[in-house]
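Please open the model in your viewer and keep the selection tool at hand.

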Amino acid sequence: MNTAILPAADKLLVEEAVTLLKKLIATPSFSREEADTALLIEDFFRANGIPFHRKKNNVWAFNKYFDPAKPTVLLNSHHDTVKPNASWTLDPFAPTVEEGKLIGLGANDAGGCLVSLMAAFRHFYEKEISCNLVMVASAEEEISGRDGIELVLPELPPIDFAIVGEPTGLDLAVSEKGLLVVDCTAHGKSGHAAREEGENALYKAIDDINWARSYQFPRVSPTLGPIKISATIIQAGTQHNVIPDTCTFTLDIRVTDQYALEEVLEILRQNLKSEIKPRSVRLKPSSISMDHPIVKAGLALGRQAYGSPTTSDQALLSCPSLKMGPGQSERSHTANEFIYLHEIEQGIAQYIGMLNSVLNP
């Protein structure tokens, strides 16, 4: 597999990125509690003479020669983390390097991606380039919060396309499933279980769940496959001898790039007898064309394109977007989370190499 190689002069970018990542690891930044890591990101921009903006715990900056007449490319990753699970054997807030691994909470998800994107942004910051760059270090990604990237987007110019930094092994997630969670209520009529009375809402719910389990959406994504519906919660009844007059259940629906969330809702309304209520229609499926120059640039480096089943801040973007970054998805949210130092170096190199092909510095 081909990989981009950093010029020797850019080794400083790697050193700065690793130093920043160690500081981020040492500073707790659970979702909605990212104020201190936001200050660290401010300090990075300030130390490099880059003006920045902040709204709540989101920090962003534009390239030096920003031109409103040019298209704008968004670079985005998050600085919030989940809470460490009980299986950690090391201090999650003590960055530790062992055998080429940097261990610490958020090292892989998504600290390595964030600092690599920030290094790439700094590489291009003072260059005359054909597109604008905006680097956004966002909050609340782990909880899909409303005070994360969604809060920043109205402050930005229209975005031509985005690179979202998440650990993908530097392969190209050219599509990502959206998430639709629907709470459903089946209505019946109560009665005594010993007699032929009532209408059992539980049975009505089971009929709807069986439909959801077996229904196949006609359009299938070439990269994500079919839409997946899972029944995850069900509640009914008050005591053993009373026919339940209501039954509530929840459907977790992973929506592909072939459907808008609203289309899926309409199909559900046409086929389910239960009352349905979506929790949100915010987390949309996303994709970018295989013919897009940024995708072609990644393929030229020997990277693989695939569809991602997990959600990220891509779900809140309305522009074409590519999810890509150093690290491995399966390490995220695990005990003793880590990223290899060489993965950060490769990440910076790949971001710069791919952006070179579209920015024409």
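The tour below goes through a helix, some salt bridges, the pockets, a cavity and a loop residue.

**Before you start**

This is a predicted model, in which local features need pLDDT of at least 70 and side-chain atom pairs count only at pLDDT 80 or more, while totals for chains, interfaces and linings use all residues. Residues are numbered from 1 along each chain as its sequence is written, and side-chain values use heavy atoms, with hydrogens and water left out.

**Stop 1: helix 2**

Select residues 35-47, which form helix 2. Helices here are DSSP runs of H or I with at least four residues, strands are runs of E with at least two, and both are numbered from the N terminus. Helix 2 has 13 residues and spans 18 Å from its first C-alpha to its last, close to the expected 18 Å at 1.5 Å a residue; that expectation is 1.5 Å times one less than the number of residues.

Now color the buried positions of helix 2: Thr 37, Ala 38, Leu 40, Ile 41, Glu 42, Phe 44 and Phe 45. Buried means under 20% relative accessible area, exposed means over 50%, and partly exposed lies in between, using a 1.4 Å probe and protein chains only. Which elements cover these buried residues of helix 2? They include helix 1, strand 1, strand 2 (58-62), helix 3 and strand 6. Just after helix 2, click on Gly 49, where phi is positive at about 65°.

**Stop 2: salt bridges**

A salt bridge here is a side-chain nitrogen of Lys or Arg within 4 Å of a carboxyl oxygen of Asp or Glu. Glu 42 counts as buried at 9% relative accessibility, whereas Arg 54 counts as partly exposed at 31%.

Next, pick Lys 11 and Glu 345. The closest N and O atoms of this salt bridge are 2.2 Å apart. Lys 11 belongs to helix 1 and Glu 345 to helix 8 (residues 341-359), so the pair ties together parts that are 334 residues apart in sequence. Lys 11 is partly exposed at 35% relative accessibility, and Glu 345 is partly exposed at 26%.

One more pair is Arg 195 with Glu 197, whose side chains meet in a salt bridge at 2.7 Å, N to O. Arg 195 is partly exposed, with a relative accessible area of 47%, and Glu 197 is partly exposed at 33%.

**Stop 3: the pockets**

Both pockets and cavities come from a 1 Å grid over the protein atoms alone: a cavity is a set of points where a 1.4 Å probe fits but cannot get out, a pocket is an open set with protein on both sides within 12 Å along at least five of seven lines, and lining residues have an atom within 4 Å of a point. Grid points are joined across faces, edges and corners, and a volume is the space filled by probe spheres set on the points.

The largest pocket has a volume of about 410 Å³. To center your view on this pocket, select Asp 109, Glu 141, Glu 166, Thr 310 and Thr 311, the closest to its centre of the 23 residues that line it. Its lining has 7 nonpolar, 10 polar and 6 charged residues.

The second largest pocket holds about 150 Å³. Its lining includes Glu 16, Leu 20, Asp 43 and Phe 44, and helix 1 and helix 2 each supply at least two of the lining residues.For these classes, Ala, Val, Leu, Ile, Met, Phe, Trp, Tyr, Cys and Pro count as nonpolar, Asp, Glu, Lys and Arg as charged, and the others, Gly among them, as polar.

**Stop 4: the cavity**

The structure holds 1 cavity of 30 Å³ or more. About 90 Å³ of space lies in the largest cavity. Show Leu 24, Ser 29, His 79, Thr 81 and Gly 106, which lie nearest its centre among 15 lining residues. Helix 3 (107-124) gives the most to this lining, with 4 residues.

**Stop 5: Ile 143**

Finish at Ile 143, in the loop between strand 6 (132-138) and helix 4 (149-152). Ile 143 is partly exposed, at 38% relative accessible area. Leaving aside neighbours within four places in sequence, Ile 143 is in contact (heavy atoms within 4.5 Å) with Ser 31 and Arg 32.
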